[in-house]
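Q: I would like to go through this model with you, a few points at a time. Could we begin once it is on display?

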Amino acid sequence: MKNICHHASTALWSKSTALIGLALCALQPIQAATRPVTHFRYSGPFVLQRPVMVDTIGIDRKGYKSDNLLGTFVDLTKARQGKEYQGAFAPSDKTATALHLLQFTLTNSRYAKGTLKVGKMKHYKLYVDGKESDGSLTLIPATHDVVIKYLTDPGDHDSLQVSLNTDADALFSTSDNGRRELTLLDFLNGKHYYGSQVSSDGRYAITTSYETTSANNTSWLYTIYDLRRGTIVRSSDRNLRWMPGKDSYLFTRKGVKGNQLIEADVVTGAEKVLTDNLPEGSWTMAPNGKYLIISKEVEGPKDDSQVHQIIQPDDRQPGWRNRNQLLKYDLSTGYAQPLTFGYHDVSLCDISHDGRYILYMVSRARLSKRPTTVNSVYRLDLNTMQPECLVDSDGFIASAIFSPDARTIAVKGSPEALGGIGENLPKGRIPSMYDYQLYTIDCTTRKVRPMTKDFDPSIETVQWNRYDGKIYFNALDRDYRRLYRMDPKSGKIETLSTPEDYVGGVDMAETAPVLCYNGQSAMNADRLYTMNTANGKSTLLENQQTKLADVDLPTCQSWNFTSSRGDTIYGRYYLPPHFDATKKYPMIVYYYGGCSPTSRYFGGNYPFPLYASKGYVVYVIEPSGAAGFGQEFASRHVDTAGDGVAEDIIEGTKKFCADHSFVNAKKIGCLGASYGGFMTQYLQTKTDLFAAAVSHAGISDHTQYWGSGYWGYSYSEVSMANRYPWSDRDLYVNHSPLYNADKIHTPLLLVHGTADTNVPTANSIALYTALKLLGRPVALVEVEGENHWIQDYNKRIKWQNTIFAWFAKWLQDDDSWWKAMYDKVPE
């Protein structure tokens, strides 16, 4: 309670002296009025020299005037670093013509319009968020940067009269304190880590990242770190990989004869051409450095692209008829030995450390039985070309890797994998296929050991380390993604402590106790670390959180409850910046409700801190059915079609409101995507608890999704195991929101990409049509050309603002943003 009271005392509209010193001109939401802005940050003067007069007139056919210099470039971002200033006159230079910058921030908590006026200045330009403005403001809720760039002649004493005129419903504040609110661009722009590779001896690491600076500028970067010194050796836009056993790296480039494979020394950068004509395909260097395994795509048969036959449900997917085969490319001879041939798809799983064996997987369709795709795992002796089948036709396995001596393999699969030896469920229950377990198989005896049968977290990525012989993996542990280490002999599992809630990009050295990883948490952006696996100590290499140093961030706290069924249902909530516990806030409830938890990452498609920054309490709930909570909990996703999940969400929302008096229980919104979009729709058929709802790419008709989505029928093997539209009308029809549309009264926004191949757009169109015919409050917004997730930079901004505007309309009683975006054509 002390922390809450502390936050309340520093709320934005507090009249305390301390806050007045920061938010120096707070404007209350009263009738439209003109209010002065008196506090700024000043940068300058930037003394200007008269240019050489090549001609007496310029390109505009006019003579030279001193105010021509107003167009001189000055970095406007420097204005935020200026000194505090307030005064009746604009600063000038006594002896020279000069440019000057005055800066302040303008924060509006609602969509609003207004006018900025700059009086008594002879030569100036006004910029809002880096763009020149005539003073007319139409602003989405955010903190906006305002800069006045002005020109003075020697001895000028222009009066400084800046004022803000706002409409009656706008809530504005101005400040020169350098603080701002979180924006969507904080998530879209900047550097994001993709993964790491550690050199064999642990001295160096290659990190892979991408950086976005604007809609049309995203670049990939491969950075080599000296881990001992914590310094960057070099960076490149080429795809860099380590040469096994050496402190040198590999990359490809176009040569005269074809693709060249280059080895370069990490210290000197000296290059050596390993081959001038690398075969096409994706390649993996063998640990002995003598050959590559190349995965080559073989193009499948084609027919008329305008009128053609679909030969299997998956044949609708572009490139499905193509198949991958494996080649061994010998670097000394330049000879590419075909390793596999056939109709079925082949993928490389691993290469043994001595280079003698490869592990590969063959996939084939089997439509008449669940699961409809099965995989077989083979160990191939490259000396004899004799394959051994280690796993035959198992549709519940996902990946496999070698032990350091290649005598054992580690297999990731669901509880039903390998004859169900890892299953730990009450009789009659069907496990979730996405609740991944870890198994080991002896390559000689074929003995299978279930290693995580009684381990609740769901396995993600797995590595078997040569240095210490331990198995390292990260796994979903409720809404965390943690890092673990297992002793394969005893089966003992230990959690490796990390500073992050969500750990990814893990890789480790072969001959040293060195590991590299990246991660983020509920309230911080990407960070990059190295770890000493001998003592478990992590060292920070890079920190992207520094870009948010001037941002007033929300806070995040865990909140769990015991359901009426006796379960602990986990969750967390976010509070707005400057939170005041004496106020009533609207709330947004987010959930997925499918087979995975909503993990504690900072960004993602739905950045919860951003929603909280718009003035909402955000409650994220982890309802029944998600992996990472144990097999029994995960199995609740199977054959329930929203039952249990809906009850958890409704009960959790009511209990959260009862436990937190700062929530306005009459202004609760809910939001979900994909299966969560279905849950949004389904919830509205069960309750009138919510004042507004948003369904992104939601399933309204299970049968339509099952038959039309690219993965509809195969995902239904997970969620509706052994149930089909013709055998179980209750799940496919009675649990479909479309067939219960008459029960929906909540204002519902349906958003969908027009190119969605996962959940076809028809799911939203059908429910929209039904609700329009029923006269219910509903809106449908389609995002042209986008698939299941909205990836285009500019479209994502408008898509996100659409959701914000909808919630503002129904939860904040302010429809101005929605009207500005969409109410242009009468119905």
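Q: Which residue just after α11 takes a positive phi?
A: In this predicted model, that residue is G775, with a phi of about 75 degrees.

Q: What should the 12 residues of α11 span at 1.5 Å a residue?
A: Helix α11, residues 762–773, should span 16 Å, and its end C-alpha atoms lie 16 Å apart, which agrees.

Q: And which residues of α11 are buried?
A: N763, S764, L767, A770 and L771 are buried. Viewed down the helix axis, the buried residues of α11 fall within an arc of 130 degrees, so they line one face of the helix.

Q: What covers the buried residues of α11?
A: The cover includes the helices α7 (675–684) and α8 (702–708), together with β51 (748–753) and β52 (778–783).

Q: Turning to α7, how do the axes of α6 and α7 cross?
A: The two axes come within 10 Å and cross at roughly 70 degrees. Helices α6 and α7 are therefore roughly perpendicular to each other.

Q: Which residues meet there?
A: From α6, V645, A646, I649 and I650 meet M679, Y682 and L683 of α7.

Q: Now the largest nonpolar core: which members touch the most others?
A: Of its 68 residues, these are I409, M587, V589, I649 and M679. Helix α6, residues 645–659, gives the most to this core, with 6 residues.

Q: What does a second, separate core include?
A: That core has 45 residues, among them F187, Y574, F608 and A808.

Technical notes:
Residues numbered from 1 in each chain as written. Predicted model: local features only at pLDDT ≥ 70, side-chain atom pairs only at ≥ 80, totals over all residues. Heavy atoms only, no water. Helix = DSSP H or I, 4+ residues; strand = E, 2+ residues; numbered from the N terminus. Expected span 1.5 Å × (residues − 1). Buried < 20%, exposed > 50% of the residue type's maximum accessible area, 1.4 Å probe, protein only. Arc of directions from axis to C-beta. Contact = heavy atoms within 4.5 Å. Core = buried A, V, L, I, M, F, W, Y, C linked by side-chain atoms within 4.5 Å. Axes fitted to C-alpha atoms, helices over the stretch in contact; angles between N-to-C directions. Parallel < 35°, antiparallel > 145°, perpendicular 65-115°, else oblique.
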